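This report describes selected local features of one protein model. Please keep the sequence and the structure in view while reading.

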Amino acid sequence: MEDLRARLEAAAQRAGRDAAEVTTLAISKTKPVEAITPFLDLGHRCFGENRVQEANEKWPSLRDQYDAIELHLVGPLQSNKVEQAVALFDVIQTLDRPKLAAALAKVGDKHGSLPALYIQVNTGEEPQKAGIAPTELATFAAQCRNDYSLQIDGLMCIPPADQAAGPHFALLNKLAGEIGVEKLSMGMSGDFETGIAQGATHIRLGTTLFGPRN
Ligand SMILES: *Cc1c(COP(=O)(O)O)cnc(C)c1O
């Protein structure tokens, strides 16, 4: 943790930014509750999971034990899990299609409120990867706002594994400016310093914090 803090501080300083502008999400997917509570005991409160079902097995009891947890969904959301996801998460980072926007709007009408929403952008336009293509983002964001009355707070991306992340993060930052959103979720264990250099407000760290996944 000390080592990580030093790397975060150094990356922020190089970018001329305040490290306090960057929220570290501890990505606890596949990790049991016993691996998570030490972070909560240290005062860490921002976490991410990539599966609704797994989050539902772990987080309701943790929320009973600890105040002010902020939980982000960073994995794909099926339309039939929207109701459960809305109840569990404070932020959904993976809004990636009109059908999901419609489902969220419907659940929002029923509940009166929704988690904060980030649109996932497929910056590398990889066919196997979720996310809105960069060229379609403006239209999709307008559709979310105008047709579904959804508030969009940010963007998220996962760059192609075999490319330098920097240009993808720079593109995400530019797109955020174009559609007028503030939050930028970009950077994982292998490239979070690049994320910070390109303006990330949220970095998503799994391996760095919890060790390797099985
Ligand atoms: C697993 C995952 C992470 C964390 O990855 P690490 O490389 O272990 O830090 C971040 N973001 C998303 C969307 C993930 O699925």
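The model is predicted.

**Helix pair**

Two packed helices are described by the angle between their axes and the distance between the axes. Helix α2 spans residues 33–41 and helix α3 spans residues 52–65; their axes come within 11 Å of each other and cross at roughly 35°. The crossing of α2 and α3 is right-handed. Sorted by class, the residues in the contact of α2 with α3 are five nonpolar, one polar and one charged.

In soluble globular proteins, nonpolar side chains tend to be buried together. The largest nonpolar core of this model holds 61 residues, and the members that touch the most others are W59, F89, L95, L104, I119, L150 and L155. Helix α5, residues 98–111, gives the most to this core, with six residues.

With neighbours within four places in sequence left aside, F89 is in contact with E49, V52, A55, R63, L71, H72, L73 and P115. A second, separate core has five residues, including L25, C46, V74 and M156.

H44 sits in the loop between α2 and β2, the latter being residues 46–49. R17 is found in the loop between α1 (2–14) and β1 (23–27). H44 has a relative accessible area of 18%, so it counts as buried, the cut-off being under 20%. R17, at 17% relative accessibility, also counts as buried.

| Side chain | Backbone oxygen | Distance |
|---|---|---|
| H44 | T24 | 3.1 Å |
| H44 | C46 | 2.8 Å |
| R17 | I196 | 3.0 Å |

C46, whose backbone oxygen lies 2.8 Å from a polar atom of the H44 side chain, is also one of the members of the second core. Leaving out neighbours within four places in sequence, H44 is in contact with T24, A26 and F39. For R17, not counting residues up to four places away, the residues touched are A12, V22, I196, G199 and A200.

**Positive phi values**

Which phi value does E125 have? Phi of E125 is near 45°, a positive value in a residue other than glycine. E125 lies in the loop between β5 (116–120) and α6 (137–147). S149 is likewise a residue other than glycine with a positive phi, near 55°. S149 is placed in the loop between α6 and β6 (152–156). The relative accessibility of S149 is 65%, so S149 counts as exposed.

**The segment after α9**

P212 lies in the segment after α9, which covers residues 207–210. P212 is exposed, with a relative accessible area of 65%. P212 and K31 are 181 residues apart in sequence, while their C-alpha atoms are 9.9 Å apart in space. Not counting residues up to four places away in sequence, P212 touches K31 and T207.

Terms used
Residues numbered from 1 in each chain as written. Predicted model: local features only at pLDDT ≥ 70, side-chain atom pairs only at ≥ 80, totals over all residues. Heavy atoms only, no water. Axes fitted to C-alpha atoms, helices over the stretch in contact; angles between N-to-C directions. Helix = DSSP H or I, 4+ residues; strand = E, 2+ residues; numbered from the N terminus. Left-handed = near helix turned anticlockwise from the far one by under 90°. Nonpolar A, V, L, I, M, F, W, Y, C, P; charged D, E, K, R; others polar. Core = buried A, V, L, I, M, F, W, Y, C linked by side-chain atoms within 4.5 Å. Buried < 20%, exposed > 50% of the residue type's maximum accessible area, 1.4 Å probe, protein only. Contact = heavy atoms within 4.5 Å. Polar contact = N/O pair within 3.5 Å; in protein donor to acceptor, adjacent residues only side chain to side chain.
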